[in-house]
Amino acid sequence: MIPQLPKVPSDSFIGRYMEYMSGLETAQVFDFWSALWLMSVAFGRTVIVDRPRLPVHMNIFAIFVAESGWARKSTAEKEAMKIAREFVLKNRPETILVADATSPQQFVNELVTQTKTNGEATAVIGISELVRFLGRGAMSTDMPGLLTD
């Protein structure tokens, strides 16, 4: 069952992005979440939900799930990552971009190096196969905690 999408103004970023993607015949739900993810890339950690005890920095994690070859998951992901890459390279060149397979250890090493250099580390991750990024070994059990820290 495909979820009902919220009404999106056609002149908003999300509306324009979904119109742009319509020619690629990707699932609209993927386009909607890709647009939200791209907004999170642009805003970075500046969007904060003011909670009584501890503010929450917004991070968007979107995982596209569908039968292989049916909804064009990879097309939706690659197109969003192309836009994210261009934005990051122009506006936040210190951000780690993960678009291809990398080992969890290599990713952690990049985060450590960036933290030592800049006092913090930021990353944008857009990959087609989640298991290749998370890994299958012992390190994979630590990755969800690292990504949400």
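In which loop does Arg72 lie? In this predicted model, where local features need pLDDT of at least 70, side-chain atom pairs count only at pLDDT 80 or more, and totals for chains, interfaces and linings use all residues, Arg72 lies in the loop between strand E2 (56-57) and H3. Residues are numbered from 1 along each chain as its sequence is written, and side-chain values use heavy atoms, with hydrogens and water left out.

The secondary structure of the protein chain comprises six helices and four strands, where helices (H or I, at least four residues) and strands (E, at least two) are DSSP runs numbered from the N terminus. Along the sequence these elements follow the pattern α-α-β-β-α-β-α-β-α-α. Of the 149 residues in the protein chain, 29% are buried, the classes being buried for under 20% relative accessible area, exposed for over 50% and partly exposed in between, with a 1.4 Å probe and protein chains only. Among the contacts in the protein chain with a separation of 6 or more, 60% are accounted for by residues 24 or more positions apart, a contact being defined by heavy atoms within 4.5 Å.

A crossing is left-handed if the near helix is turned anticlockwise from the far one by less than a right angle, and right-handed if clockwise.

The crossing in which H2 passes H3 is right-handed. On the H2 side, the contact involves Phe30, Asp31, Ser34, Trp37, Leu38, Val41 and Ala42, which meet Lys73, Ala76, Ala80, Met81, Ile83, Ala84, Phe87 and Val88 in H3. Sorted by class, this contact of H2 with H3 has 12 nonpolar, one polar and two charged residues, where Ala, Val, Leu, Ile, Met, Phe, Trp, Tyr, Cys and Pro count as nonpolar, Asp, Glu, Lys and Arg as charged, and the others, Gly among them, as polar.

By class, the contact of H1 with H2 has 10 nonpolar, two polar and one charged residues.

A search of the whole structure finds two salt bridges, each defined as a side-chain nitrogen of Lys or Arg within 4 Å of a carboxyl oxygen of Asp or Glu. In one of these, Lys82 pairs with Glu79, the closest N and O atoms being 3.0 Å apart. Lys82 and Glu79 are three residues apart in helix H3 and are therefore separated by about one helical turn. Lys82 counts as partly exposed at 45% relative accessibility, whereas Glu79 counts as buried at 12%. The side chains of Lys90 and Glu86 also meet in a salt bridge (3.4 Å, N to O), and because these residues are four residues apart in helix H3, they too are separated by about one helical turn. Lys90 counts as exposed at 63% relative accessibility, and Glu86 as partly exposed at 47%.

Most residues other than glycine have a negative phi. Glu25, found in the loop between H1 and H2, has a positive phi of about 60 degrees although it is not a glycine, and is exposed, with a relative accessible area of 62%. Arg72 likewise has a positive phi, near 65 degrees, in a residue other than glycine, and is partly exposed, with a relative accessible area of 36%.
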